[in-house]
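This report goes through a few local features of one protein model. Please look at the sequence and structure first, then read on.

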Amino acid sequence: MARRVVVIGGGAAGMSAAAKAKRTDPTLEIVVYERSGYVSYGACGFPYAIKGEIARVEDVVVRTPAQFAKQGIQALIRHEVLEIDPVRQTVRVRDLEDGREFVDHWDELVLTTGGQPARPPLPGLDLPGVFALRSVEEALAIKAWLAEQRPRTGVIIGGGYIGLEMAEALAAHGVTLTLVERLPQVLPSFDPDFTAQVTDELRRQQVDLRVGQPVQSIFGDERVRGVVVDGETIPAEIVILAAGVRPSAALAQAAGIALGPTGAVAVDDRQRTNLPHVWAAGDVAEALHRVTGKPAWIPLGTTANKQGRVAGENLAGGDARFGGIVGTTVVKVFDLEAAISGLSLARAQAEGFNATAVSATAYSRAHYMPGHQPITVSLVFDQTSRRLLGGQLVGREGVAKRIDTVAAALQAGWTVDEFAELDLSYAPPFAPVWDPLLVAANLARR
């Protein structure tokens, strides 16, 4: 009898695990249970579909259940797993279309339940016109609200990546925006003095930015009408809740699957949990941070796809390993790009490194080339070992791929002196003789 694999969650990690397992061992019987109405989609594209830069929200869907069926993978949408029994190796599932519940057996279980938006205890969260953004359905609902209700005012709660990307999306629809972040700065993972350009860009784009101010309530009648922020009433005909994400680990915890110090599921480098034949990947799982050497939880689509592939190969009899992350992220804020890899200075010092940072501003192209733009680079390194610990970049062009150079150096464990010796490309339309990365690295060598 063929071994049966049950995957809980049909996002990037789950479908990567299912596809890799089937390729590794075609005899496997694989079923994926997905609570929403879609599988295998690129959630990072949602803001650009809402903006209209991508024609349809559905265009972010990579593959459909019918396409997976041709590969021999059964992907059941609108099915929610309610309970895992690791002793009997069963799951209890509810068909959300008709309410029917049934029990399914598994030989291997892959937990990819992802993350879920943090929901602060605010009155009015359930009013029509208040949206989070984690599923295709939510993206479709936001786009429909913009088209049908034509809101003129809006509030975004949260100044992380989703909040900043949605500011651009809503502004494209003519919405007058207020962005509220309870912490003293947007992009909390960056060093405070590095986010000044992001703040300036938001205000240049007429976004009313409120940092260090708490949201007290959301109010309305048959729909949202406004938000109370630090005692002030701000009109809002649409509200985007982007106050962070947390791992959807309740199902795992109830089944006795161990969580790590971050609150996500603890896994080894083969994506195994503490229970035999139970694997976890994606936003529900931790990953080893290659700079700190500790478990970390940084939910990214890149990590989800890689961890899913590793879990799928191993449950099918392979021997794959996931080497960890350095937390490389980039965000577009209107006409600005901001990126980080590794540790900020504040985080490095909190982790016990003898850390310092250098900062430099240089041009993205040769200074005599039309369109050249300044890029600010910050490099964080340990003063004792000289090891590179992190980098941050901000500018109007050339940021997104330069951060990948920092990521490669962090993964290799280079010193800042080795980084300064990089033989980077030079041609006037693309980069100056002294790339901004090298200008910063040479400052660190002094």
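## A buried glutamine

A residue counts as buried when its relative accessible area is under 20%. The model discussed here is predicted. In this model Gln392 has a relative accessibility of 0%, and therefore it counts as buried.

Gln392 is part of strand β25. Its side chain is joined to that of Asp191 by a polar contact of 2.8 Å. Leaving aside residues up to four places away in sequence, Gln392 touches Phe190, Asp191 and Phe194, together with Ala339, Ile340, Ser344 and Leu345, and also Thr376, Val377 and Ser378.

## Helix α6

Helix α6 covers residues 196–204, and Val198, Thr199, Glu201 and Leu202 are buried in it. Viewed down the axis of α6, these buried residues fall within an arc of 160 degrees, so they line one face of the helix.

What do the buried residues of α6 pack against? Their partners are helix α5 (161–171) and the strands β12 (208–211), β21 (329–333), β22 (336–342) and β25 (388–395). Strand β25 is also where Gln392 lies. After α6 comes Gln206, which has a positive phi, near 70 degrees.

## The second largest pocket

Rolling a probe the size of a water molecule over the atoms shows where empty space is left. The second largest pocket holds about 310 Å³ of space. It is lined by 16 residues, and those closest to its centre are Lys306, Gly324, Ile325, Val326 and Gln411.

Two or more lining residues come from each of the helices α8 (301–315) and α10 (399–412). Which element gives the most to the lining of this second largest pocket? That is α10, with 4 residues. Sorted by class, the lining of the second largest pocket has 7 polar, 6 nonpolar and 3 charged residues.

## The cavity

How many cavities of 30 Å³ or more does the count come to? The count comes to 1 cavity. The space in the largest cavity is about 60 Å³. Among the 13 residues that line the largest cavity, Gly282, Ala285, Ile298, Pro299 and Thr303 are the closest to its centre.

The lining of the largest cavity divides into 9 nonpolar, 2 polar and 2 charged residues.

Technical notes: Residues numbered from 1 in each chain as written. Predicted model: local features only at pLDDT ≥ 70, side-chain atom pairs only at ≥ 80, totals over all residues. Heavy atoms only, no water. Buried < 20%, exposed > 50% of the residue type's maximum accessible area, 1.4 Å probe, protein only. Arc of directions from axis to C-beta. Contact = heavy atoms within 4.5 Å. 1 Å grid on protein atoms, 1.4 Å probe; cavity = no way out; pocket = protein on both sides within 12 Å on 5 of 7 lines; lining within 4 Å. Points joined across faces, edges and corners; volume = space filled by probe spheres on them. Nonpolar A, V, L, I, M, F, W, Y, C, P; charged D, E, K, R; others polar. Polar contact = N/O pair within 3.5 Å; in protein donor to acceptor, adjacent residues only side chain to side chain.
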